[in-house]
Every structure is written in C-alpha cells, then in structure tokens.
Amino acid sequence: MSELFDQLKTKLDRSVALSAALALFEWDAETLAPEEAADHTGKVIGILSEDYFKSLINPEVKSLLGRLEQEENYAKLTLEQKATIRELRRTYKQLASIPSKEYADFCELANKSSSVWAKAKKNDDFTLFEEYLKRIVDYKKQFASYRVTESSEGNPNALYDVLLSDFEPSLSTKELDEFFELIKEKLVPIIDQVKQKQDEIDDSFNTRTYEIEKQRKFCDFISEYVGFDRKKGVIAESAHPFTTNFHNRDVRMTNHYDENNLISTIFSAIHESGHAIYEMQIRDDLTLSLIGGGASMAVHESQSRFYENMIGKTKAFWEPIFESLKETYSKQLADVSLDQFIRAINKSMPGYIRTDADELTYPIHILIRYELEKELFSDQITVHELPKAWKKKYKEYLGLQPKTDTLGVLQDIHWSSGDFGYFPSYAIGSAIAAQIYYFMSEHMDFDTLLRGGNLDQIKAYLGEHIHQYGMIYGMNELLFHMTGERFNPEYYVRYLTEKYTNLYGLDA
Ligand code: ZN
C-alpha cells in the first residue's frame with residue numbers, strides 16, 4: 001500500500017464529493033427547480049464550484065502528485081492508482097494552466113453568452129450573438145495556447161488539437177481528418193442515392209397525436225426492458241434529454257416527451273438508458289473516485305448509440321414488444337405493421353437539425369461542425385463568416401441550405417459555452433458502437449437473444465468488457481482489450497453501407 005497515495009486519496013475524496021453535489025444541483029436545475037431559483041442557487045453553485053476547484057488545484061495536492069509521479073513511488077502503485085494519477089495530471093494541465101482571474105472572467109462570459117445565444121436563436125439574429133462568440137473563441141484560443149507543446153510548432157491545428165484532447169485524449173486532427181475523409185468519400189454517395197428514394201418509406205403515422213402520459217409509461221417500460229435498474233436510477237423530464245450520476249447507485253436520466261413525435265421520444269429513452277447502464281455497471285471500488293466515470297465522451301456515446309441503433313432499431317428487438325406498443329396506442333397504430341414500423345424508425349432523410357438526424361446523415365452534421373471548428377481555430381475563417389460558411393457546407397454535403405440561422409449556425413448550444421472540440425465525440429461514438437457490434441456478433445447471436453427478450457446477456461457482456469473499468473483504460477486500450485484491434489472506422493462505414501443498401505435496395 002502506498003501511504004503517499006492514501007494521503008492524496010483523502011484530498012481527492014473531498015473533490016469527488018463536491019463534484020457529486022454540483023451534479024445534483026445541475027440535475028435539479030434541469031428537472032425540478034422552480035423558475036425563479038436560478039439567481040440565488042447560482043450563488044450557492046458558484047461557492048461550491050470554487051471549493052471544488054481549490055480542492056483539486058492547491059499546493060498540497062500538487063506536491064503529492066509530483067511525488068507520486070517520481071519513478072520509485074510510481075512503480076509501487078496499482079493499475080487503478082496509476083490511472084488516478086494520469087487523470088489528475090490531465091486535470092492539472094487543463095485547469096492549472098489558466099490564470100484564475102482569466103478563468104473566472106471566462107466563466108462569467110460563458111454564462112452570459114449562453115443566455116444571449118438562446119435569445120439570438122429565438123429571434124433568428126446571429127448579430128446579437130456574434131460579439132459574444134468572438135470573445136469566447138478568443139478566450140479558448142488563449143487557453144489552448146497555454147498548453148501547446150513545442151513539438152506542435154508549425155502545426156496549423158495545434159490549438160484545436162488541444163481542445164480535442166479535452167474530450168477524446170487519443171484523437172487529434174490527424175486521425176479525425178482521416179475519419180471524416182472516409183465518411184465523406186463513402187457515405188455522401190449513398191446519401192445521394194437514398195435521397196431519390198425518400199418517398200418509398202411511409203412514416204406519416206409518427207406525427208399523429210400520442211398522449212404524453214402513455215408515452216411516459218411506455219418509455220419507462222422500455223428503459224427497464226433494455227436494462228435500466230430502477231433501484232439505482234431515476235427517470236425525470238427535462239427540455240433536452242440527458243443523463244448524469246452521483247455514483248453507480250444513483251444515476252439520473254431524463255426524457256423529453258413530444259406529443260407528435262413518438263419515434264424521437266422512444267429512441268431518446270433507449271439512448272439515455274445506454275448512458276445510464278454504463279454508469280450503473282462501473283465497479284464499486286472505482287465509483288466516487290477520480291476515475292469513476294466513463295472512459296471518454298466518445299466511449300460513453302458509443303454505449304448509448306449501441307443500444308439506440310444496433311439494438312433498438314432492429315426487427316428482432318421489436319418482435320416481442322411491438323404488440324405492447326400497439327396496445328398502448330391502439331387507435332394511432334391500428335394500421336401500422338411491424339415491418340412498416342421498422343422501416344419508419346430507420347428512414348433516412350437529409351435535414352437541417354443534427355439532433356433529429358438519422359443514422360446515415362448524422363456523421364455529416366458532425367463533419368460540418370468539425371471542419372468549421374478547425375477553420376476557426378486555424379484562422380481560416382472568422383466568427384463573422386460562420387453563418388455563410390455553415391450554409392455553404394450544408395448545401396455541399398447534404399444538398400440543402402437552411403434559410404434561417406436558427407435552423408443553421410445557431411442550432412446547438414455547445415459553442416456558446418466554449419465547448420469546441422466536443423462534436424467529433426458524437427460521430428466517433430457511433431463508429432465505436434459499430435466496431436463493438438461486429439465484434440460481439442461473432443460471440444453472440446443477437447437475433448435470437450433479442451427475439452427472446454433476453455437483453456441481460458448483452459448488458460453483462462458490455463459490463464464485463466467496458467463498463468466495469470470506468471476510466472482505467474482509454475478508448476484504444478479498451479477496444480484493444482475487447483476486440484484485439486484499436487479504433488477502426490472501417491466498421492462504421494461498412495455498417496451504414498450494408499444497412500442502407502438493404503433498406504433501400506440500392507445497387508451495391
Ligand atoms: Zn448521448
């Protein structure tokens with residue numbers, strides 16, 4: 001046992017507790033807190049956030065970290081302890097590199113900027129938001145510049161690479177350029193072919209009126225059906241679905257119910273359940289520690305996407321439960337067969353909005369954001385030029401040009417709070433899901449399991465190979481341990497090509 005590590009652990013326990021408290025406040029703000037709570041509660045959150053920052057970034061922790069990194073001490077640590085040191089060093093690089101006054105100014109700006117963004121989006125007025133976004137981008141460039149290493153000299157994407165590493169440490173613009181090149185080359189032609197056949201799938205039943213109370217009941221059922229454990233989790237309602245947790249025995253997910261979009265509501269429930277199952281299966285000795293979360297944003301997203309798409313959008317999954325959905329909405333779904341339902345939930349149609357996108361067009365929405373972020377942080381375009389550049393890319397890749405900025409550059413909240421480099425995780429997550437899917441298919445017969453309503457085996461397998469480890473391993477290590485291969489986007493392209501070639505009867 002390392003005494004030095006025990007000393008550090010006592011300090012870290014405090015920061016973990018504060019972070020759980022902050023997550024609880026965030027959850028509450030999105031679900032239950034009354035309308036007028038924000039200002040006063042904001043003060044409480046401000047104080048707790050400062051305590052959280054100080055509990056990690058202080059001379060004692062810094063000194064313990066430095067000593068534990070010395071070879072003779074480091075060698076004595078367990079695998080879990082080494083991972084903790086790695087994460088703490090990462091946090092130090094992120095937070096301690098920024099002068100605290102500058103960081104506080106940025107947080108204040110980001111807070112204001114988010115509400116300005118909401119107003120600009122509502123009024124379809126980018127000019128309202130432009131100045132804020134410009135300042136946010138300048139701050140992020142400044143922050144990233146503190147962490148640029150000498151080895152990246154001459155690399156035009158050095159700043160953006162720093163931002164990317166905050167979300168997926170193992171991927172830089174080099175790998176992502178290759179990934180998105182592949183997406184562009186292989187998927188854009190399929191999207192063009194599918195566009196000609198849009199009318200072949202009738203999903204008009206989806207916009208009939210579906211009572212919210214019944215949706216809630218059915219979604220609760222389906223969450224539990226895929227493996228959400230009610231004894232360790234809670235499901236509530238919020239404007240945008242999300243999942244958070246305080247530890248592995250208290251995982252909170254939300255859904256958003258839309259009376260005229262049954263499919264979106266059901267698949268949000270399955271998606272968030274995938275996130276929740278991940279958190280519930282993290283090992284007891286890891287939860288409530290610095291490495292008690294998911295391996296990375298992309299790996300987390302891979303689990304939600306796996307449940308949503310590879311499991312939830314198959315016929316085998318729906319065979320045992322479609323009748324129950326039809327009973328719930330006997331009038332609305334009277335004329336809808338299982339086959340029609342399956343085709344409808346998989347229908348592909350280019351649209352403006354990322355969060356509404358189908359599996360095939362989804363990565364194109366991410367590709368566009370990735371290219372714009374990269375250009376922004378290498379000074380190829382300015383914030384002022386963003387709306388025009390956005391429209392141009394949508395026209396080029398998806399064949400449609402949003403008429404308003406609300407449907408265009410203003411649609412996502414991420415940039416308003418400075419989350420640049422986040423978007424690629426969504427597409428990478430989908431690609432990891434495909435890789436896992438092909439690998440698992442060799443070890444289990446998905447069709448038989450799903451037809452028999454036996455999802456426990458799938459959940460247990462993911463728990464054993466991914467979930468239990470928390471953040472001990474990174475994305476590539478996890479994939480390598482599980483499949484014998486590092487991240488490989490070829491599976492994703494193969495998955496989407498096979499799926500949509502079959503669905504629309506395209507020429508292979
Ligand atoms: Zn997600």
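The model is predicted, so please read every value as computed from predicted coordinates. A zinc ion is held by two histidines and a glutamate, an open sheet has three strands, and helices α16 and α18 cross at roughly 145°.

**Zinc site**

- Along the chain, the spacing of the zinc donors reads H-x3-H-x25-E.
- Both histidines belong to helix α11, which spans residues 262-280. Because His271 and His275 are four residues apart in that helix, about one helical turn separates them.
- Buried or exposed, how do His271 and His275 sit? Both His271 and His275 are buried.

**The three-stranded sheet**

- The strand order in this open sheet is β1-β3-β2, and the pairing is mixed.
- The edges are taken by β1 (233-237) and β2 (243-247); each has a single partner strand, so one side of each has no neighbour in the sheet.
- On average, neighbouring strands here are turned by 20° against each other, with direction ignored.
- Strand β3 (residues 250-255) runs antiparallel to β2, and four bridges join the two.
- Within this pairing, Met253 in β3 is the residue opposite Thr243.
- Helix α1 (residues 3-31) packs on the sheet and touches β1, β2 and β3. The direction of α1 makes about 145° with that of β2.

**A closer look at Thr244**

- Thr244 is a residue of strand β2.
- Why does Thr244 count as buried? Its relative accessibility is 16%, and the cut-off for buried is under 20%.
- Leaving aside residues up to four places away in sequence, Thr244 touches Ala23, Trp27, Val251 and Arg252.

**Helices α16 and α18**

- Helix α16 covers residues 362-377 and helix α18 covers residues 423-441.
- Their axes come within 8 Å and cross at roughly 145°.
- The crossing of α16 with α18 is left-handed.
- On the α16 side, the residues in contact are Tyr362, Ile366, Arg369, Tyr370 and Glu373. They meet Phe423, Pro424, Tyr426 and Ala427 of α18.
- Sorted by class, this contact between α16 and α18 has seven nonpolar residues, two charged ones and no polar ones.

Note on methods:
Residues are numbered from 1 along each chain as its sequence is written. This is a predicted model: local features need pLDDT of at least 70, side-chain atom pairs count only at pLDDT 80 or more; totals for chains, interfaces and linings use all residues. Side-chain values use heavy atoms; hydrogens and water are left out. Donors are N, O and S atoms within 2.8 Å of the metal (3.2 Å for Na, K and Ca); water is not among the atoms, so sites may look incomplete. Buried means under 20% relative accessible area, exposed over 50%, partly exposed in between (1.4 Å probe, protein chains only). Two strands pair if DSSP finds at least two bridges between them. Axes are lines fitted to C-alpha atoms, for helices over the stretch in contact, and angles run from 0 to 180 degrees between N-to-C directions. Contact means heavy atoms within 4.5 Å. A crossing is left-handed if the near helix is turned anticlockwise from the far one by less than a right angle, and right-handed if clockwise. Ala, Val, Leu, Ile, Met, Phe, Trp, Tyr, Cys and Pro count as nonpolar, Asp, Glu, Lys and Arg as charged, and the others, Gly among them, as polar.
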